[in-house]
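Subject: Structure for your review

Dear colleague,

Please find below the structure I am handing over to you.

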Amino acid sequence: MTDNSRRLMGRKDAAAYCGIAESTFSLWVSTHKMPPCIPGTRKWDKRAIDAKLDEISGLGVNGNEDPYEKWMRENSNE
């Protein structure tokens, strides 16, 4: 079981934290739905995952977002 007090977690725990399969988490990382692991590690930051979940669920809408960045985010699956 995931220890929710830890900020950094491995792929398996990160997937469990999101409530998805590890393979789905890997897909989401590769399609930029989830953040990449911290450079030089195989660990994900819980806060970065939370921020991406807020963003994809519409909770993290930023009116100051660069139009190109927005387009890239919205069209990264194509």
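The notes below start with the chain as a whole and then turn to one helix pair.

Please bear in mind that this is a predicted model. The chain holds 4 helices and 2 strands, and along the sequence these elements are arranged as β-α-α-β-α-α.

Of the 78 residues in the chain, 22% are buried. The accessible surface amounts to about 5,700 Å², and carbon and sulfur atoms contribute 53% of that surface. As for contacts in the chain with a separation of 6 or more, 44% are between residues 24 or more positions apart.

The helix pair in question consists of H1, residues 11-18, and H3, residues 46-56. Two packed helices are described by the angle between their axes and the distance between the axes. For H1 and H3, the angle is about 40 degrees and the axes lie 11 Å apart. H1 is therefore oblique to H3, as angles under 35 degrees would count as roughly parallel. The crossing of the two helices, H1 and H3, is right-handed.

Which residues of H1 and H3 meet? From H1 they are Ala14, Tyr17 and Cys18; from H3 they are Lys46, Ile49, Asp50 and Leu53. By residue class, the contact of H1 with H3 comprises 5 nonpolar and 2 charged residues, with no polar ones.

Yours sincerely,

A colleague

Note on methods:
Residues are numbered from 1 along each chain as its sequence is written. This is a predicted model: local features need pLDDT of at least 70, side-chain atom pairs count only at pLDDT 80 or more; totals for chains, interfaces and linings use all residues. Side-chain values use heavy atoms; hydrogens and water are left out. Axes are lines fitted to C-alpha atoms, for helices over the stretch in contact, and angles run from 0 to 180 degrees between N-to-C directions. Angles under 35 degrees count as roughly parallel, over 145 as roughly antiparallel, 65 to 115 as roughly perpendicular and the rest as oblique. A crossing is left-handed if the near helix is turned anticlockwise from the far one by less than a right angle, and right-handed if clockwise. Contact means heavy atoms within 4.5 Å. Ala, Val, Leu, Ile, Met, Phe, Trp, Tyr, Cys and Pro count as nonpolar, Asp, Glu, Lys and Arg as charged, and the others, Gly among them, as polar. Buried means under 20% relative accessible area, exposed over 50%, partly exposed in between (1.4 Å probe, protein chains only). Accessible areas come from the Shrake-Rupley method with a 1.4 Å probe; for residues, only the protein chains shown count as cover.
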